[in-house]
Amino acid sequence: MSTHLDPEGIPSVLNDTSALSLIIPAERTVFLYASFDGAWEQALVVYINGERFENQIGSFVLRPHTLVVPPQAAEYQLTLVGWHKRSDANPDLPWVASRGRRIGPVVFAWDDSADDEDYRDMRVKLLTS
C-alpha cells in the first residue's frame, strides 16, 4: 500500500489496486465519463505524471460526472484513483480508497468496501480525441 492525497487533500493509504494508470499519447484530449451505482459518496482524483490534476469527478453535487483533460505537449502517464465515503455526502467522515480494476480497453471501475466485489460503484469510461 502507498500513501496518496484523498479528494480533500488529506494523506491517506491506498489499496494496492486503487490507482489505475495508462499512457496517453501527446496532443490527445482525454474525456472521462463517470457512472455511479452505489449509495455511498464516490470521487475520482486524476494525476498527470504524478501531479494532481485540479479537477475531480464525483457522485454528489460538488463534483461533476464528466471531466476533460486538455492535450499535453508530450506523452504522459494518466493515473486515476478511486475513493469513497461509507455514507452519502458527509464532511465528517474520512475518504477511503476503493479497489479498482480495468474492464476492457476504455472502462475503469472501482468497488467500495461493501465487500460485494461488483466493481460498479464507480465506473469511468475514457475516450481520447
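The radius of gyration here is taken over C-alpha atoms, and the globule rule is 2.2 Å times the number of residues to the power 0.38. Keep in mind that this is a predicted model.

Q: What radius of gyration does the protein have, next to what a compact globule would have?
A: Start with the chain, which has 129 residues. For that number, a compact globule would come out near 14 Å. The protein agrees with this, at 14 Å.

Q: Is R63 buried, partly exposed or exposed?
A: Buried means under 20% relative accessible area. R63 has a relative accessible area of 12%, so R63 is buried.

Q: Which residues do salt bridges join into one network?
A: R63 and E8 meet through their side chains at 3.0 Å, N to O. The two sit 55 residues apart, with E8 in the loop between β1 and β2. R63 also has a salt bridge with E41, at 3.6 Å. Since these bridges share partners, the network is made of E8, E41 and R63.

Q: How many residues apart in sequence are the parts that D37 and R120 tie together?
A: The side chains of D37 and R120 form a salt bridge at 2.9 Å, N to O. D37 lies in the loop between β4 and β5, while R120 lies in the loop between β11 and β12. The parts this pair ties together are therefore separated in sequence by 83 residues.

Key
Residues numbered from 1 in each chain as written. Predicted model: local features only at pLDDT ≥ 70, side-chain atom pairs only at ≥ 80, totals over all residues. Heavy atoms only, no water. Salt bridge = Lys/Arg side-chain N within 4 Å of Asp/Glu carboxyl O. Helix = DSSP H or I, 4+ residues; strand = E, 2+ residues; numbered from the N terminus. Buried < 20%, exposed > 50% of the residue type's maximum accessible area, 1.4 Å probe, protein only.
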